[in-house]
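Visitor: I have a model open and want to learn how to read its features. Can we go through them one at a time?

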Amino acid sequence: MSTSTLNPIRLEIMRNRWRGIAEEVCAAMIRAAYSPNIRDRFDCSLALALPNGEIIAQSEVGTPLHLGIMPGVIQSVLSKVPVSEIEEGDAIITNLPYPDGPGHLPDVSMVSAVYFGGKPVLLVVTTAHHVDMGGYAPGSMPFGVTEIYQEGLQIPPVKLFSRGVMNQAIFSLIQQNVRTQKELKGDLMAQWAAAGTATRRVQELYRQMPEAEILRDLHGILDHAEASMRAGLKKLRPGQYEFEDFLDDDGSGGETPVKIRVKLTIKQDELIADFTGTSPQVAGPLNARISAARACVYYTVKAVVDPDLPSCAGAHRPIRVIAEEGSLLQARFPAAIGNANILTDQRVVDVILGALYQCIPDRVCAACSSEMNLTNIGGINPFTGDYFNFVETYGGGTGVFHDLDGEDGIQNHLTNTQNTPIEVVERNYPLRVTRYGLVESSCGPGQFRGGCGLVREFLFLGDNAMMTLSSDRRRFTPWGLNHGGNARGAHSYITSADGTERELSTKTCVALKRGDRIRIETPGGGGWGRAEDRSAAAVQEDVTNGYISMAYAESSFKKRCSESPSRGLGLRPDKGVQLSI
């Protein structure tokens, strides 16, 4: 259907009505969830789709990575369980990344069909990050593994609920293989409850309006999103734009950098993202599937071209993504894949931004902290006797735009999760938060400075636990633009009870003992423009507010300030990425 025949007022009303349903259903899942990772951090997402799998609405609460991968999740499920076999009250779950499912095993997706008039009219899809799915280490995102079998339990598309009744045999099998059984049951039931809320709201709408009108509106929403994306792409300068960036290493203990390369081709109203030239798949758990690369492209292009675009399948029609089989972004089974969501996919966003900067520089920021900086601590809680698993990702500094400083200490790009409140951490886990703030002098210098990274420090109160740390950007620090400086990278430390401190590698699993202090420092964001062009007043304000030390002001901005020296963590800024327009 051509969007020119649609009433634009009705289109906007119906688009927001469907989005409102998606938002309400996602909120219901969050309120019903058991684990702090979903209840407090919102590490979950929801989409509504047509029976053929085309997504028509997504919740704004949730992670862009989950939302972008959901088309692959739906097709993966429908390839095993066609819509004709999904009955009213059924729920199919899966966490299998191969061939095109969720990004890693902790992300469990659930697909249900909404029935009206005796037939399926809509699909409801939820994805929630469960705090454990078994495997080598608590949290199921370990390092020191080389294949997915070591990472945790793999669940192919299977009916967990049939006509509203839970399959106890399947549930018991899953529960037996995870460490945090209470959280698993509570969070799965929250996903199931969300499907029930969606069913009620969709059926209400179908009772209010003729089905033909609803279908016309749904296809109108998809066509409008496609037309809007094509109109936005037409405004970009046609051509081919290339960029590459690196992960510090492959996550298996070596030091060889891992390259991610993209060539964007913009021609009229279409865009092709070709990742040919990216490194082959690696031994460590940093591999991904092309569904994740698509999610990165969808997110980045939408953010740069038209942030107000509806989040639906229509906006994806003018975009094509290519990755070589056997490469880092299209790994072959059974390659380990657990930390691609945390690290690899964020770097994919960076290379797309680097390419788009050459085409539309006013819409592109310098590199953000560009890694989710996962901290996962699991073991027996001595206060309850139960297995606990604390999982959290941390924000950092955002990269700066051409006219605006970066934001300090926030989640960026593919993650949209919240921080876990200190009170929640200390109530649920044998951890005491002893420090939480910004990393001084971690921002990339420039006429406009990048944002500062976060520091969070814990005292471990248990007896023994295992911690997984997943971070990056220590060697290849977040880059600046137009002569802006690089930001400080990621650093993490453990101080034992006897006062001995050691710095950890960026990707590791380590044992914790009682009295250990863990300090996590995330990267800042890259700067824009020459640092000497930043006004003295702005530098003075940053020193006064504690964002940078006076020594850093003098060395990086060439400015002397009246404030006395403050705590400086030190920074050796690299040259910013120099891109010609």
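Visitor: Where is Asp-350 found?

Guide: Asp-350 sits in helix α8, residues 340–357. Helices are DSSP runs of H or I with at least four residues, strands are runs of E with at least two, and both are numbered from the N terminus. This is a predicted model, so local features need pLDDT of at least 70, side-chain atom pairs count only at pLDDT 80 or more, and totals for chains, interfaces and linings use all residues. Residues are numbered from 1 along each chain as its sequence is written, and side-chain values use heavy atoms, with hydrogens and water left out.

Visitor: Is Asp-350 buried or exposed?

Guide: Start with the cut-offs. Buried means under 20% relative accessible area, exposed means over 50%, and partly exposed lies in between (1.4 Å probe, protein chains only). Asp-350 counts as buried because its relative accessibility is 0%.

Visitor: Which residues is Asp-350 in contact with, leaving aside neighbours within four places in sequence?

Guide: Contact means heavy atoms within 4.5 Å. With those neighbours set aside, Asp-350 touches Phe-243, Asp-245, Ala-367, Cys-368, Ser-370, His-413, Arg-473 and Trp-479.

Visitor: Arg-473 is on that list. What is the phi of Arg-473?

Guide: First the general idea. Most residues other than glycine have a negative phi, and most peptide bonds are trans. Arg-473 has a positive phi, near 65 degrees. Arg-473 lies in the loop between β16 (464–470) and β17 (491–495). Arg-473 is buried, at a relative accessible area of 0%. Ser-140 also has a positive phi, near 65 degrees. Ser-140 is in the loop between β5 and β6 (158–162) and is buried, at 1% relative accessibility.

Visitor: Which peptide bonds are cis?

Guide: Among them is the bond from Tyr-98 to Pro-99, with omega near 0 degrees. Pro-99 is in the loop between β3 and β4 (107–116). Another cis bond joins Phe-333 and Pro-334, with omega about 5 degrees. Pro-334 is in the loop between β11 (319–322) and α8.

Visitor: How do I check the span of a helix?

Guide: Take 1.5 Å times one less than the number of residues; that is the expected span. Helix α7 (residues 290–305) has 16 residues and should span 22 Å; its end C-alpha atoms are 22 Å apart, so the two agree. In α7, 13 of the 16 residues are buried.

Visitor: What do the buried residues of α1 pack against?

Guide: They pack against α2 (36–39), β1 (44–49), β2 (55–58), β5 (119–129), α5 (181–208) and α6 (211–234). Among the buried residues of α1 are Leu-11, Trp-18 and Ile-30. Helix α1 covers residues 8–32 and reaches 36 Å from its first C-alpha to its last, close to the 36 Å expected.

Visitor: Is Glu-85 buried, partly exposed or exposed?

Guide: Glu-85 counts as partly exposed because its relative accessibility is 44%. Glu-85 is in the loop between α3 (64–80) and β3 (91–94). Leaving aside neighbours within four places in sequence, Glu-85 is in contact with Asp-90 and Lys-159.

Visitor: How many helices and strands does the chain have?

Guide: The chain has 11 helices and 20 strands. Its radius of gyration is 24 Å, close to the 25 Å that the globule rule gives for 581 residues, so the chain is as compact as a globular protein of that length. That radius is taken over C-alpha atoms, and the rule is 2.2 Å times the number of residues to the power 0.38. Buried residues make up 61% of the 581 residues.
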